[in-house]
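These are my notebook entries on one protein structure.

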Amino acid sequence: MKITNDILYVGVNDHKVDLFEGQYKVPNGMCYNSYLILDEKVAVMDTVDQRFTHEWLDNLESALAGRQPDYLIVQHMEPDHSANIDSFLRTYPNAIVVATTKAFAMMDNFFGSDLVRNRRAAENGGTLELGRHTLTFVFAPMVHWPEVMVTYDSADKVLFSADAFGKFGALDRPEPWDDEARRYYIGIVGKYGAQAMNLLKKAAGLDIATICPLHGPVLDKDLGHYIKLYQTWASYSVETEGVVIAYTSVYGHTRKAVELLADKLRQGGCPKIVAHDLARTDMSLAVSDAFRYGKLVLATTTYNADIYPFMREFIDHLTERNFQGRTVAFMENGSWAPMAYKIMKEKLSSCKNLTFAENVVRIKSAISEANKEEITALAQELCKDYQALSSETANKNDMTALFKIGYGLYVVTSNDGKKDNGLIVNTVAQVTSQPNRIAVTINKMNYSHHVIEQTGVMNLNILSEEAPFSVFENFGFQSGRTADKFAGEELTRTDNGLVMLRKYVNAVMSLKVIQYIDLGTHGMFICDVTEARVISNAPSMTYAFYHAHVKPKPATEGKKGFVCKICGYVYEGETLPDDFICPLCKHGAADFEPIQ
Ligand code: FEO
């Protein structure tokens, strides 16, 4: 088979193999690709699996048409490509073997150090002149072994890509590329995403018309499609939106829960749902699907004070391949002492950037009414973004979107001429850098607004994550008109005479008001920075951090009504008046949510 005028395919198909690498089912067989470059010098690219010695040597002899090979280029020493180096050298003893130093060390281990007498070590970026063709070697360690290199032929713009861009399946069984290439990549190279990305970066600088991998078809059309998929896989990005449910079930109860979840997901607008019974599915397909889709639900039983063996194996496959960047949800079943949820979550603890669903389904033997509600809640949680992204199903008036804006938290200090005052604010932004100008927006109901309007100066104390709830109670939940918020404190002042906080801040700035903008309920002060001190490198307190780690959980148990998201004040009643103002923190009705 001709790839270009000078490059011929001399590989073989394997229909006898049942498990590639002893573990991956290959219903359509495999192929071991080898190529011949005919130029003034003749080069053979890699050999094939040991069971195809004579078929390969026959292919080679026929393609050589009486010529002798000058070089055998060994890009990868895994035996499916290197097992015939000895038979090649017995047939063509004058050929020079070209490989990385690491590959030669492996060659000596596989065949003994006497086999390869004529050897040339390839350099990373080094070249080999064949005549019209100049081959450039590019090292690609860990794609998929450490000795791997790929080879670029600038004459015909061919990349010999070793294991990269390979797939399962023999060449005489044509099938869609993506699924079997994904299963191959995730199974075999999946752990080495960073190394595969490095190779893709190097390849991006080459003008490539054809990719000749060691497995699967030669790629010479629509290369952007294959390269984009490889970038997705190597960067552990989501390829397809949807939910994979990987489960085990002993007596069918967990399966029923999975089926119910799948129904609810479908109703919730989930674009794709794939369920794998891990005891029966092809494990490598389930694993590659976990990497393909954006969300994964793990459902299993507690078993021998551990989790069901197929689930344990599945999670091990994920973690050893650096599973990351996905949303993961859990459904556990246990008739007594259920532990599956805890164990599954612990087993994923080494994975980076996982988001765990808040809703967990905890079945005790069979599905209860409470479990059905848990499943509905989980489906809603998993479908929330799908619904929001669809014009038909999105809630287009969800003002909680405003809470997603990233805010810091600050204490603004001022002085009315009689005493020092301080106020918690979250509406601070730098608006220009030349000169440095800061906008601070304050509710007109706050005494500090009145004071700063009169005096034109304030200090901005940037709270750090160390600030306890008492700081917010002191500066946020009482008025400076009546309370002395600095009573009994040791005071430190900046050059403008205003007080600065001595603790729980990482920086302090003195501000001078140069413009005031009336915003109705609030006033915005545009300020110059007259003094700026950095106190520590502690991270700044954000609104989100405050809610997650500082604010105590409000005591809402047994109560009906609404709770203030800012301070936890509970309003008991059927309806919250639109103009209600929180008596503690002075935030309005929009900052309240119903007690669940
Ligand atoms: Fe196809 Fe890593 O060998």
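**Cysteines**

I keep in mind that the model is a predicted one.

I then turned to C270, which also counts as buried, at 8% relative accessibility. How many disulfides does the structure hold? I found 0 disulfides. I reminded myself that a disulfide is a covalent bond between the sulfur atoms of two cysteines. For C270, the closest cysteine sulfur belongs to C383 and lies 5.2 Å away, which is too far for a bond, because a disulfide requires the two sulfur atoms to be within 2.5 Å.

**The largest pocket**

I next recorded the volume of the largest pocket, which is about 2000 Å³. Its lining consists of 43 residues. Which residues lie nearest the centre of the largest pocket? I listed E358, K384, T400, K404 and E593.

I also asked which element gives the largest share of the lining. That element is α12, with 8 residues. At least two lining residues each come from β21 (355-356), α12, α15 (543-550), β32 (561-564) and β34 (592-594).

**A nonpolar patch**

Finally, I examined the surface, where M399, L402 and I405 form a nonpolar patch. Together they have about 300 Å² of accessible area. I located L402 in the loop between α12 (369-389) and β23 (410-415). L402 is partly exposed, and its relative accessible area is 48%.

Methods
Residues numbered from 1 in each chain as written. Predicted model: local features only at pLDDT ≥ 70, side-chain atom pairs only at ≥ 80, totals over all residues. Heavy atoms only, no water. Patch = residues over 30% accessible without salt bridge, like charges linked within 9 Å, V, L, I, M, F, W, Y side chains within 5 Å. Areas by Shrake-Rupley, 256 points an atom, 1.4 Å probe, with all protein chains shown as cover. Salt bridge = Lys/Arg side-chain N within 4 Å of Asp/Glu carboxyl O. Helix = DSSP H or I, 4+ residues; strand = E, 2+ residues; numbered from the N terminus. Buried < 20%, exposed > 50% of the residue type's maximum accessible area, 1.4 Å probe, protein only. 1 Å grid on protein atoms, 1.4 Å probe; cavity = no way out; pocket = protein on both sides within 12 Å on 5 of 7 lines; lining within 4 Å. Points joined across faces, edges and corners; volume = space filled by probe spheres on them.
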